[in-house]
Structure formats: C-alpha cells, structure tokens
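Here is a short tour of one protein model. Have the sequence and the 3D view ready, and follow each part in turn.

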Amino acid sequence: MKFIVSASTDAGNVRTTNQDSMNVQLLEIMGRQVVFAVLCDGMGGLQKGELASASVTYAFRRWSREKLPFFLHTRLQDNDIRREWNGVLSECNEKIRLYGKRNGASLGTTIAALMITPERFYAVNVGDSRVYELRKQLRQITRDQTIVAREVELGHLSPEQAERDPRRSVLLQCVGALEEVSAEFYFGIPYEDTVYMLCSDGFRHKITTEEIGAWLKPDCMNSAENMKQNEQRLIDLARKRGERDNITVATIRTYGNTAGEMRRKTIASIETLVDIGYCSSGEIIV
C-alpha cells in the first residue's frame, strides 16, 4: 500500500491566533510506506492553547522519529501502540499542567492521531478532534469525548440535536487541564483507494457529512494538488457560513502498490518522503 498526503489550516473568521497544530508525515521505513499524522486543537477558552497543541504535536512527531522504526522492525502490536502513546500523553499532560501552575495559566488541547501501515491503522483520540474513513460512505472512526456525545450515547439527545446543542464543544477530556488523561484507541485494517481524514471541530461545524463525502471522496483525491484544493474549498465554505473557530484538516489517500515496487529492507532505516506541519506557537513545552 502507498499513500498521498495533504493538510490545510485556517484561523477562521474571528480569532487572530490559530491554536490548532498538526503534522503529517509520509515515511519510508524498511522499504515500506507509513503515514503518521497528528492534529491538536488548543482549547480556545483557555490561555495559550496554541502552546499546548504545539507541544503535544511535537511530542508525537518525536516519538515517530525515535521509536517507530524500532517497533516496525520487531513486529508492531496494538498493545505496543496503546502503551507507547499513553506514555507520551501522560508525559505531555504532566508537563503542560506544571507549566500552567508555574505561569498562572490554564491551557489544554485535544489530540487525534492516526498511523497507517500497509497492514494496520492505529488511532487515538482525546477530546473532540476526529478521524474519519471515506470509501463509498463517510465513517467516523473516533468517538467524541464531549458532554453531548455522552448524551447521545445515553439516548438523551439525537445526533441532530447534538449538532445544535450549545454544549457541543464542552469536553470531558483534554490534555493538560486534568490530573489524568483518558485516551481512547481504535485499530483496524486500512483499505486501498480510501481517504482517511483528521479534523478539528471547526472544520465540521458548518459543513455536512454529504459535502465532505462529495469533495473528499477517493475519486476526487488523486493527487496532492487535488487534495489540497478540495480541503481549501471546504475551509472556504465553512468560513463563508460563519465559522468562528480555527479550521484544520489533514487527508491521506491510499492506493495499491505496483507489482515489484516494494523494497524490503532489513534494517530499521527511515526516510521522510513528505513532512507537512503547522503551529503558531513560537515555543513548546519539553
């Protein structure tokens, strides 16, 4: 399996600071292509949300560079990812909380991360940024950790009511504002000729699932240029409809290998084919 990747972000109509951060890497590790993507939405109601989101994005990117080749070389298991990413999240949570105490600030961030190998995908979510899979239909892989999502699960709200509920952005979990962070993990088999998408909540508030499906369906996402254009069209549509939040989206298009194209290497080598990133913070918490 091979991949094309793209990502776009916009501050939206109101905010002067974009508190979203993201990084999308297309890597070749031991002759195989692997995608590692992370998207964080700094909490707009708190101070220095961009610092929190940039710090978590940086920590996951560092993990992918330092640890991922080793795990792929030794046969990666789901529990390896669960243990490793929980460790990264716990460390980030503690560092952000301590930074806030020392500086009299309250800061936090959501995170949605997705790694795709030819055999498996691995996703993690804290908060309400999302990961989707788009084939013939759009499927949400992650589950929002919000009050309204819990109310929908309990049968107290319909999905349509949840979209209009004023509490829709109230989080039950985030990184940096609570003593402990509880992440949710998702695993599965990736499909060829499929689009995987990560987005912040600002991307999806003003556009419909039908519009996402129409613009980001695999037939429309055959090159990095097309992917970027279609992302931007949806961002422009969200802005035109009055989106006030920051807007960020990353897309990954899968397709099959040409016969004989795979180059299997026995050493844990890593080569960066594409590295797309954004953060507005001039510093990170390390």
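## The pocket lining

The lining of the largest pocket divides into nine nonpolar, five polar and 10 charged residues. Here Ala, Val, Leu, Ile, Met, Phe, Trp, Tyr, Cys and Pro count as nonpolar, Asp, Glu, Lys and Arg as charged, and the others, Gly among them, as polar. The model is predicted: local features need pLDDT of at least 70, side-chain atom pairs count only at pLDDT 80 or more, and totals for chains, interfaces and linings use all residues. Residues are numbered from 1 along each chain as its sequence is written, and side-chain values use heavy atoms, with hydrogens and water left out.

In all, 24 residues line this pocket. Arg 130, Gln 140, Asp 144, Pro 159 and Glu 163 lie nearest its centre. Strands S6 (130–134) and S7 (138–140) and helices H4 (147–153), H5 (159–164) and H7 (209–216) each give two or more residues to the lining. H4 gives the largest share, four residues. (Helices, H or I with at least four residues, and strands, E with at least two, are DSSP runs numbered from the N terminus.)

## Aromatic pairs

How many aromatic pairs does a search of the whole structure find? There are nine. (Rings of Phe, Tyr and Trp, its six-membered ring, pair if their centres lie within 6.5 Å; planes under 30 degrees apart count as stacked, over 60 as edge-to-face and the rest as tilted.) Phe 36 and Trp 85 have ring centres 5.9 Å apart and planes at 85 degrees, so the pair is edge-to-face. Phe 36 lies in strand S3 (residues 32–41) and Trp 85 in helix H3 (residues 78–103), so the pair ties together parts 49 residues apart in sequence. Both residues are buried. (Buried means under 20% relative accessible area, exposed over 50%, partly exposed in between, with a 1.4 Å probe and protein chains only.)

Tyr 122 and Phe 187 also form an edge-to-face pair, 6.0 Å centre to centre with 85 degrees between the planes. Tyr 122 is buried at 4% relative accessibility. Phe 187, at 22%, is partly exposed.

## The nonpolar core

The largest nonpolar core has 37 residues. (Such a core is a set of buried Ala, Val, Leu, Ile, Met, Phe, Trp, Tyr and Cys residues joined through side-chain atoms within 4.5 Å.) Phe 60, Trp 85 and Leu 89 are among those with the most contacts inside it. H3 supplies the largest share of this core, seven residues.

How values were computed: 1 Å grid on protein atoms, 1.4 Å probe; cavity = no way out; pocket = protein on both sides within 12 Å on 5 of 7 lines; lining within 4 Å.
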